[in-house]
Amino acid sequence: MAATTSPERPIRFVVDGRAVAVTDAPASATLLEWLREAHGATGTKEGCAEGDCGACTVVLARRDADGVLRAEPCNACIRLLATVDGCAVLTVQGLGGAHPVQQAMVACHGSQCGFCTPGFVMAMTARLATGPVRDDADAHRALAGNLCRCTGYRPIVAALHEASAVLHAPVQPAGAAGFPSAPAADDAAGDGAPPGLPDWVAQRCPAPDPQPLAFARDGACWESPTDAARVDALLAASPEAWLLAGGTDIGLWVTKQLRTPARWVWLGAVAELGTVRVAADAIDVGAAVSLADAFAAFDGEWPELARYWSRFASPAIRASGTLVGNLANGSPIGDAAPVLIALGATVVLRRAGRRGPRRRTLALESLYRDYRVQDRVPGEWIERVRVPRRVPGQRVAAFKVSKRFEQDISGVSLALSLREAGGALADVRVAAGGLAATVRRAPSAEAVLVGGAPLRAAFERAAEALERDFRPIDDLRASARYRLQAAQGLLQRAWHLHWGDAGAPVTVDGWLPAEPAYVRSAR
Amino acid sequence: VNAPRPALDHAVPHESAALHVGGTARYTDDLPVPADTVHGALGCAGLAHARIDDLDLSAVRAAPGVVDVLVAADLPGANNYGGIVHDDPLLADGLVVYEGQPLFLVLARSHREARVAARLARVRATALPALLSIDAAIAASSWVLPPVEVRRGDAEAAIAAAPHRLDGRCAVGGQDHFYLEGQVALAVPQDDGGVWVHASTQHPTEVQHVVAEALGLPAAAVRVECRRMGGGFGGKESQPALFAALAAVAARRLDRAVKLRADRDDDMRITGKRHPFQADWTAGFDDAGRLLGLTVVLASDCGCSADLSGPVNDRALAHLDNAYWLPNLFARSLRCRTNTVSNTAFRGFGGPQGMFVIEAVIDAVARTLGRDPLDVRRANLYGTTEHNVTHYGQVIRDNVLPVVIDRLVRQADYPARRAAVDAFNRAGGLLRRGLALTPVKFGISFNAPHLNQAGALLHLYTDGSLLINHGGTEMGQGLYTKVAQVVARVFDVPPSAVRVSAADTHRVPNTSATAASSGSDLNGMAALDAARALRGRLASLVAGLWHVPADAVTWHGGAAHATAGGAPRTMALAEIARHAHLARVSLSAQGYYRTPDIHWDPKAFRGHPFYYFAYGAALAEVAIDTLTGEHRLLAVDIVHDVGASLNPAIDLGQIEGGFVQGLGWLTSEELVWDAAGRLATHAPSTYKIPTAGDLPPRLRVELLPDSPNRADTIHRSKAVGEPPLMLALSVYHALRDAVASLAPRGVPVALRAPATPEAVLTAVDAARAAAAGRR
């Protein structure tokens, strides 16, 4: 079956106030390559080319389906250029030099070697466009995707607080002229740029182009279809095409493995895939929904999982990366799958059929057959993931262990969902990542718990039973022995969290002693 | 030396701060390049130790965009970038000694084309047995340099006679520099057969030498320039010469500009790191924990070649005392050769590892005696008038540690904190807290006396503007800012009125590396020398115009002042410059400095190698999770001695940044090699330096007040680049303290470093097993 060819057009976007139409970049060019090598904007740096250091951070703004302008941090190093079609790209060189963030960074001595600085400036600008920074923990999370090797971060955090105070002051102080402060509530969806962003971001951010982006260059084709049927057709014709959503993993195939496909199909322009539907029975997340938007929907349902989600990569990765992409990627150490399996999620698979799309629904845990082997046929892709709504009496917990708290890949992750009914545990679902070739459930541990009372001893026995459920391996992140032991610890922690002494700390993450010596002084 | 001038002493921002935040500061990869510039990538070995039987590069040459490919045989001159021992080939010549070693250089129209092509080589090689650990190297007596022994008193006899005796072993891992800007060089051929190299380097002169030798050119034909680096930390001392020399050879061969930039993974695989160390020790001590005798076998993993491993290990030996008087010491230093990347300079340069060992000894002694480790540390401190001679014979005349520690204990309220932590731990629960105070004493000067010299060149232009050039490089540490301040103070102008130009071997030659914390000590003094020479010349000129003696001329606000014939006279610098030019008085001045009073006998391992010592102390508190080993830094208090600070903001930045870098070394930055000797952690996805979230909620840093350097340094300041890194030993020991709360009294803690959650949980298990065994 051959898909019809789409008419070609340039990649159109606005960068630092200037509209550009790119016709000569390869399909696999990254935004950073184009900025530095073609556009000559060398203020944006390459530190790692894998979205982990943040030196390449820019602000990406686009209008969503409702016309509301959304501005997000973006790792330009792994963001494919063609995906910024229709966006406004703000780099550090577009800020003008006297932006409150830039002034605060100078005043607080926030730069030493200066190489990470443009990325920090843009991460801070992106964060402050969404509102003021509340406290140090909020600041640390905003900066989790940016590495600095010189300063030790204290002056950068101080600069973020200072710039926040300036940008979100009730009255705009002198010296910050030209940068809009927080809009009045009734202007939240108005024409003004978000706080701290230059006006052109709002004024010149292009309206969506009715003609889908498509081009062929150097033997590789790119297409950004605008409806799911076209995705079906393209994949049916070319099952080997690379289906791209956020690209936060596939970007590394390009920059690190130096692989490129003959055909790219990008899901980001398919409006129907960009929605989160909160129905009576499930939260239903489309294939193009970002991790950030999906987590925001989950936070409304399971606020106790918010910290777990905040440790998922970085703000820039969560803005670009998609929830479905993370599940489709199917890494045994992916952080979304353990939680969604514990929550009983299902995935909707679709492919082209003779009369419209053929769909089937699968429990997420059944998708993963073996290491990087999934129950999908060629041309079949994940359209949506459905997570059942919270039920009365449901208790959930999710934890990960890594060498670093912020933005690290899990050595082990463990999630649990169960229901207390009449003093007994029911619907017990325990899932773990990092313990096997796939993320999967722990049937032995579940069997220990189900039907019993929520006793500490039961959880200790269930933790022991994890030995029968998993045979982890040694690698650079952790030894097999530690992986199992840490998972056992996490399952016990779940008991302490829900049934242990109230007020007794169950994790060091974010914990502080109650004594007065630990007052915050970073401000 | 001038008396301090408070008006100019304030914390001026980094000279490039506005450029940094605007994205307009140019790094080597940002420089505009000639239109026909080609881009290089290195093809690297996939085996740790192997003989190359056949290197088939036909597919590389045929790849799209490829312009040229170079192998070892194509090098016109020396195939070496080893600075001290000539054992580091630029390109492997038949023998591979570490995984990642460069085999060939491919040049292509674009960076990506070069990288793609570099992976197309077909290498046929015979694997040879590889040594992949310190223990394996010791078993094979495999050294890059012969072992070195240091003996003071009779350690064995003192141990035998001591009331207590303890054996132990400790180990600390290496560390990748993770400068945010990777290795990069741009070589531009010149019309006279020479080459102009822009390199990200702490050592332009060594790059110049290596490039000249690789091309068979005189040094004068090679110009090396560096305006700024995106971080160095020692990783751009000897390593950049590899990239610069290959770029230069290719540039001359093609007669085109060549840029060679390592992407992050190549950078981490190809370049050396901090040396991992291990130590086997035996201590004899009294009831107070005083070390009466100590023997140590101190072994480091130098990797596949000597590089800077000789001086790194010497500095480790010279810092095996840290702050403690060791009356009877025998230390044997093993410089192990393995089939891993050649380890190199890294902030502290062996000092951190030497101090890691003695602090582990002290902690083990304290635990064995059931004493607070702080008491044992104090009992062993060097004195100020007695017990003040180091094991290498240097008399310590500036010991401020008793003052620093007392101040820190008081300000951070150690006794109350100790009581709170102990009470918390007695109450049980899932978490334990730990607290530790560790001191730092760090010797300032290059160990080799001849490196302690510097030059500067100051120009005054006829419009009154000032340009200073010196031998130091700017890697973010604020050296250019401090040197501008030094010059500005001489003419009493704002620092912003003094422009600092790029380090350039054509302006100031024969420089030492900007290393060993020496940047502002050496270059600041050389710049001061130049500025005073020029000012003296101008003062004579003005005095002649005004008919007053030269010493009657004073300088304020960028102008000369005197009372001539009863009337006050003033002349601004620009006007003086014009007068001087008309009078044919030179407006350039050269400055030079060499550190006085230092000497060193490397054979005897004795002398006075350090002009002075820098001191500090840190108190850290942590919490650990006994279920997973996860930990969190709760609070840090630091008192650090920077003498009379040249720039308190920059010094604070060095202290905080050094501390956090040390925190990473000791907690999260784990380098992992697989069983075949391949580095598994070669990017930030797998190698975890600290993030903002690792900052402790309480971080209080104080510059020790009213403590000018006793040595006659630049405005009585002290070097600050390296010493603060070692303050992070407090965190590691706080973790040990938390683990110790689970062990029975009298049992030392075994915690490997870096103390990842896995390492902590392993130590927790051991402590609990000991407790169970005791019951």
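User: Happy to look at this one with you. How many helices and strands are there in chain A?

Analyst: Glad to have you here! In this predicted model, chain A holds 17 helices and 20 strands.

User: What makes chain A agree with a compact globule?

Analyst: The radius of gyration of chain A is 24 Å, and a compact globule with 523 residues would have one near 24 Å, so the two agree. The C-alpha trace of chain A spans about 70 × 65 × 45 Å along its principal axes. In chain A, 60% of the 523 residues count as buried. Among contacts with a separation of 6 or more, 66% in chain A come from residues 24 or more positions apart.

User: Why is Trp302(A) called buried?

Analyst: Buried means under 20% relative accessible area. Trp302(A) has a relative accessible area of 0%, so Trp302(A) is buried. You will find Trp302(A) in the loop between helix H9 (291-301) and helix H10 (306-310) of chain A.

User: How do you know that Trp302(A) is in contact with Val396(A)?

Analyst: Contact means heavy atoms within 4.5 Å, and Val396(A) is listed among the partners of Trp302(A) beyond four places in sequence. Other partners include Ile283(A), Leu343(A), Pro388(A) and Arg390(A). Trp302(A) and Val396(A) are 94 residues apart in sequence, with their C-alpha atoms 7.8 Å apart in space.

User: Let's move to chain B. Why does Val296(B) count as buried?

Analyst: The cut-off for buried is under 20% relative accessible area. Val296(B) has 1% relative accessibility, and therefore counts as buried. Val296(B) sits in strand E14 (residues 291-303) of chain B. Not counting residues up to four places away in sequence, Val296(B) touches residues including Trp281(B), Leu320(B), Phe330(B) and Val357(B).

User: Which residues have the most contacts inside the largest nonpolar core?

Analyst: Those are Phe491(B) and Leu538(B), in a core of 224 residues. Helix H15 (residues 519-546) of chain B gives the most to this core, contributing 14 residues. Phe491(B) is itself in contact with Leu538(B), and its other partners beyond four places in sequence include Leu458(B), Ala531(B), Trp555(B) and Leu573(B).

User: Which residues does the second, separate core include?

Analyst: Leu35(A), Trp222(A), Leu273(A) and Val439(A) are included in that core, which has 88 residues.

User: One last thing: how many positive and negative side chains does chain A have?

Analyst: Chain A has 56 positive and 54 negative ones, and the centres of the two sets lie 3 Å apart. As for its surface, chain A exposes about 18900 Å², with carbon and sulfur atoms supplying 52% of it.

Definitions and conventions
Residues are numbered from 1 along each chain as its sequence is written. Chains are lettered from A and ligands numbered from 1 in the order in which they are written. This is a predicted model: local features need pLDDT of at least 70, side-chain atom pairs count only at pLDDT 80 or more; totals for chains, interfaces and linings use all residues. Side-chain values use heavy atoms; hydrogens and water are left out. A nonpolar core is a set of buried Ala, Val, Leu, Ile, Met, Phe, Trp, Tyr and Cys residues joined through side-chain atoms within 4.5 Å. Buried means under 20% relative accessible area, exposed over 50%, partly exposed in between (1.4 Å probe, protein chains only). Helices (H or I, at least four residues) and strands (E, at least two) are DSSP runs, numbered from the N terminus. The radius of gyration is taken over C-alpha atoms; the globule rule is 2.2 Å times the number of residues to the power 0.38. Accessible areas come from the Shrake-Rupley method with a 1.4 Å probe; for residues, only the protein chains shown count as cover. Lys and Arg count as positive and Asp and Glu as negative; His and the chain ends are not counted. The place of a charge is taken as NZ of Lys, CZ of Arg, CG of Asp or CD of Glu.
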